[in-house]
Amino acid sequence: MLQVGLSLRRSPGGADSGFPTDEGDTAGTGEEIFGSSPVTVVITSEADTWDIDISSCLGCGQFVDWDRMPDPEQQTHIPRDILSKSPKELKKLAREGYWAVSRALRAQVYHQLIQQVSCRLVTPDALVYRDVASRLFGKMSVSSYPLPEFLEGCSMPTYCLNPAGVTALKKILICIGNLFPDITYSPILPSLVALLLHYSEDEAQCFENISRLIASNSPHTSYIDQSFLAHQASCMTFGDLANKHCPAAHKLIASTSENVFEVYSEWLSWLFHDLPFNYAIRVFDVYLLEGQKVLYRIALALLKQYRLSVTSTELEGTDIKADLQAFVQNITEHVSVDKLLERAFSIRLFSRKEIWLLQMANRKALMERGITMVQNRQSFHLAIDMQNFSSSIVTAQEMRIIWSWIPERFSLSSPLLLFSTSEDGCSLQRFYTCCEGYEPTVLLLKTTEGEVCGAFLSSDWSERKKSGATSSFFGTGECFVFTVRPEMERYEWVFIKKPELAKAVPRSRQRSPSPSPASLLSSSPDGRSTSSNHLTVPTPQRKGRLSPFLAIRHFLLPSKTASMFMCGSREGIIIGGGGGQALSLDANLLWGHTEHCETFDNPPLCQENFKVQLLEVWGFQN
């Protein structure tokens with residue numbers, strides 16, 4: 001099979017065929033697509049190659065084509081104490097754009113910040129680069145080298161680099177491929193190297209700095225995904241965060257796109273491919289200080305801004321993935337970089353550790369399904385077979401929307417009917433028997449008045465047995481309740497909207513007992529007493545198992561009554577507690593009650609006292 005090699009030989013007219021011309025670089029980025037370049041190519045029969053013209057790099061000091069830069073950078077006095085400030089002060093300065101006042105200041109800050117990154121003991125530095133580059137490229141004026149495996153199919157923004165800069169970029173990427181053989185997929189690397197070249201003294205310094213980001217070993221902090229598995233897990237994690245923090249945008253995308261995951265899989269490209277240079281470099285400023293978490297915030301801010309600029313009617317028949325890309329490329333028409341960052345930092349995310357747990361859970365789900373190599377993941381909407389899906393309560397279209405609300409790692413699976421009152425009868429014991437062993441589940445119910453509501457339940461119903469004779473709440477902050485008819489609406493854990501109120505628990509501290517209001521399982525809709533069982537917190541999980549995302553033991557909560565997710569006993573089940581019950585059903589699965597609760601901050605999901613017409617529980621089929 002023929003493959004494509006990119007040529008960097010200098011043409012007689014002085015132009016370089018390996019990078020865009022001024023006319024093609026209007027956004028201040030410029031790019032090549034590895035394996036599918038629009039520029040003149042050399043056809044080879046063995047492997048993708050880059051022809052490196054060494055003569056164009058001799059003696060180069062600056063890598064930037066200043067004529068193509070969007071705005072000239074000012075040269076100002078650099079305060080002597082700027083680099084001795086505390087991390088908190090530096091973070092504030094970076095967010096406010098202080099580095100932008102001076103190219104020299106930014107270069108100094110970048111180098112010092114990266115040198116402070118904790119990384120593996122053996123990490124290639126500038127001396128190693130000079131040695132390897134000398135051996136790889138030799139003294140020949142032009143030589144060809146295989147395309148690094150981790151760049152297959154990726155794009156390469158050049159961010160206004162001059163010919164020497166583009167050549168330096170490719171040399172550094174080739175050396176990374178040689179010195180970091182474990183990197184198998186990393187579409188973000190070319191952009192980061194190109195940005196660093198703007199503020200590097202030479203290729204060797206740039207290489208050393210990017211190597212430290214690659215080799216970072218800080219706990220729960222990562223800079224660069226280095227495999228397809230890690231990249232896909234990050235995309236799934238962004239999808240989960242968008243689902244929680246940008247519900248309006250997520251609903252719009254889910255209703256207009258056949259493949260929501262494909263839209264979200266471009267989130268990193270929005271930041272380090274589509275954003276103009278003066279926006280991308282400001283993102284890079286805060287990224288060096290705050291890691292990948294800040295990228296999630298800024299991408300979420302872009303998604304929120306996009307939702308403000310479009311309507312459902314405008315998107316009908318539109319390729320939303322391409323429309324979002326065009327929106328980001330033209331972001332200057334919609335919001336300034338300062339305002340974008342301001343909105344990004346107003347989005348309150350959970351801790352780095354909690355996001356790391358979510359990412360690990362997503363990685364585990366991908367690995368269990370064998371998705372570790374470069375491949376396209378099936379859209380979660382396709383997991384709902386629109387023609388063959390059958391429920392007595394919701395339509396396929398309604399289930400499709402519900403499926404778009406659940407965490408990405410579970411939406412990889414198709415729905416599996418576990419229990420139905422129409423087939424299994426109105427028996428709570430039968431309900432438990434059919435549902436135990438499945439985690440998570442989706443509960444759907446229809447009242448005799450035609451109202452439809454339900455809940456996504458993150459834990460196995462068998463967890464109820466761990467507290468012995470007492471009734472206790474269990475589950476995690478991923479649980480949520482929802483309504484389907486007359487209107488579709490979702491109500492998540494209250495701390496999703498206010499994560500700053502849920503502070504992380506220090507490792508030395510243990511969870512205190514949960515409140516035990518006897519009334520939570522003590523009355524039926526008609527007010528008759530049924531039980532005086534107490535409610536307690538389940539014991540911690542055994543060691544060695546990955547702690548669940550949003551497990552309540554991770555947090556010091558101001559109100560323990562706002563973390564009551566699911567509870568089951570012989571007298572009935574409760575979903576959502578604290579000041580009321582979001583949903584409760586009796587032992588006959590015939591009568592139910594709904595009201596506001598502190599856990600989900602929900603209104604009644606239907607008439608407060610209702611009779612169940614149908615109830616179904618769905619699991620997730622591998």
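Reply: Strand 8 runs antiparallel to strand 19 (residues 609–621), and six bridges join the two. Strands here are DSSP E runs of at least two residues, numbered from the N terminus. Two strands count as paired if DSSP finds at least two bridges between them. Within this pairing, threonine 447 stands opposite valine 612 of strand 19.

The model is predicted: local features need pLDDT of at least 70, side-chain atom pairs count only at pLDDT 80 or more, and totals for chains, interfaces and linings use all residues. Residues are numbered from 1 along each chain as its sequence is written, and side-chain values use heavy atoms, with hydrogens and water left out.

Strand 8 also pairs with strand 9 (residues 452–457). Again the run is antiparallel, with six bridges. Valine 442 has phenylalanine 456 of strand 9 as its bridge partner. Strands 8 and 9 form a hairpin, with four residues between them. In the turn, glycine 450 has a positive phi of about 90°.

Now burial. Buried means under 20% relative accessible area, exposed over 50%, and partly exposed in between (1.4 Å probe, protein chains only). Strand 8 covers residues 441–447, and seven of the seven are buried, so the strand is largely enclosed by the rest of the structure. Thr441, Leu443, Leu445 and Thr447 point one way from strand 8. Val442, Leu444 and Lys446 point the other way. Both sets are buried, Lys446 included.
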